[in-house]
Amino acid sequence: MIEKKSVLILICFWVMLVLSGCDRSGEILYFDRETESGVSVPEDVAELSGDGSADEEPDGTADMDRQICVHVCGQVCRPGVVMLPEGSRAWEAVEAAGGFSEDAGDAAVNLAAVLRDGERLYIPSSEEAISEPVSAADDGKINLNTADENQLQTLPGIGESRAAEILSYREKNGGFQSVEEIMRVPGIKESIYEKIRNRIRVD
């Protein structure tokens with residue numbers, strides 16, 4: 001009799017755990033193109049279709065399968081990492097980060113640029129945009145011989161340390177003679193060069 005009571009207690013405890021949601025996974029952040037805002041949705045809900053089946057995809061969410069991770073920083077309302085559908089543009093990342101702050105120099109950013117996974121999107125202040133207008137050409141490419149550290153960090157795969165190495169190399173060698181020369185900078189190999197070669201230039 002005691003054994004049966006123990007089994008019943010264990011079963012009741014297990015049912016309470018399931019009902020309380022102890023096995024729920026974390027939440028994911030994705031960008032809703034229709035509302036143009038960042039939306040946090042539980043993974044178990046996002047995976048379900050309209051009739052509650054996890055095996056079918058809800059209508060209009062096929063393009064949500066492939067997502068990219070983008071770090072939006074600088075003059076936006078909510079700086080941080082956002083998840084966006086593959087093929088998203090810079091303006092969508094800004095919207096997902098809460099939009100431009102009051103001091104944003106948005107005219108200095110190519111909002112039509114297609115973003116890549118792992119990219120860092122830096123939004124300068126209006127003062128930065130005015131003081132460094134020659135660092136980016138009209139085609140949106142970064143000039144390796146005039147760009148500052150913050151602008152270099154807008155390139156895929158270029159963080160603070162690599163941007164500093166680029167500036168150090170430029171100072172020691174009197175500038176870059178070609179875009180391929182960036183592969184001589186410590187920490188920048190062919191794999192990174194392939195990601196940024198269409199986004200840099202030299203004069």
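Is R66 buried or exposed in this chain? R66 is exposed, with a relative accessible area of 58%, where exposed means over 50%, buried under 20% and partly exposed in between, using a 1.4 Å probe and protein chains only. This is a predicted model, in which local features need pLDDT of at least 70 and side-chain atom pairs count only at pLDDT 80 or more, while totals for chains, interfaces and linings use all residues. Residues are numbered from 1 along each chain as its sequence is written, and side-chain values use heavy atoms, with hydrogens and water left out.

**Overall layout**

- The chain has 7 helices and 7 strands, taken as DSSP runs numbered from the N terminus (helices are H or I with at least four residues, strands are E with at least two).
- Reading from the N terminus, the order of elements is α-β-β-α-β-β-α-β-α-β-α-α-α-β.
- Of the 203 residues, 32% count as buried.
- The exposed surface comes to about 12500 Å², with carbon and sulfur atoms supplying 52% of it; these areas come from the Shrake-Rupley method with a 1.4 Å probe, and for residues only the protein chains shown count as cover.
- Looking at contacts (heavy atoms within 4.5 Å) between residues at least 6 apart in sequence, 43% join residues at least 24 apart.

**Nonpolar cores**

- A nonpolar core here is a set of buried Ala, Val, Leu, Ile, Met, Phe, Trp, Tyr and Cys residues joined through side-chain atoms within 4.5 Å.
- The largest such core holds 18 residues, and those with the most contacts inside it are L152, I158, I166 and I182.
- Once neighbours within four places in sequence are set aside, L152 is in contact with I142, L144, A147, I158, A163, I166 and L167.
- There is also a second, separate core of 16 residues, which includes A90, A104, L121 and I123.
- As background, nonpolar side chains tend to be buried together in soluble globular proteins.

**Salt bridges**

- The count comes to 3 salt bridges, each being a side-chain nitrogen of Lys or Arg within 4 Å of a carboxyl oxygen of Asp or Glu.
- R66 pairs with E86, and their closest N and O atoms are 3.0 Å apart.
- This pair links distant parts of the chain, 20 residues apart: E86 sits in the loop between β4 (80–85) and α3 (90–96), and R66 in the loop between α2 (43–46) and β3 (67–74).
- E86 is partly exposed at 49% relative accessibility.
- R199 forms a salt bridge with E119, with 2.8 Å between the closest N and O atoms.
- R199 lies in the loop between α7 and β7 (200–201) and E119 in the loop between α3 and β5 (120–123), so the pair ties together parts 80 residues apart in sequence.
- Within this pair, E119 is buried at 2% relative accessibility, whereas R199 is partly exposed at 22%.
- R197 and E194 also meet through their side chains, at 3.0 Å from N to O; R197 is partly exposed at 36%, and E194 is partly exposed at 38%.

**Around T154**

- T154 is found in the loop between α5 (149–152) and α6, and counts as buried at 15% relative accessibility.
- The T154 side chain reaches the backbone oxygen of Q151 at 2.5 Å, a polar contact (a pair of N or O atoms within 3.5 Å; within protein, one must be able to donate a hydrogen and the other to accept it, and residues adjacent in sequence count only if both atoms are side-chain atoms).
- Leaving aside neighbours within four places in sequence, T154 is in contact with E119, R120, Y122, I142 and R199.
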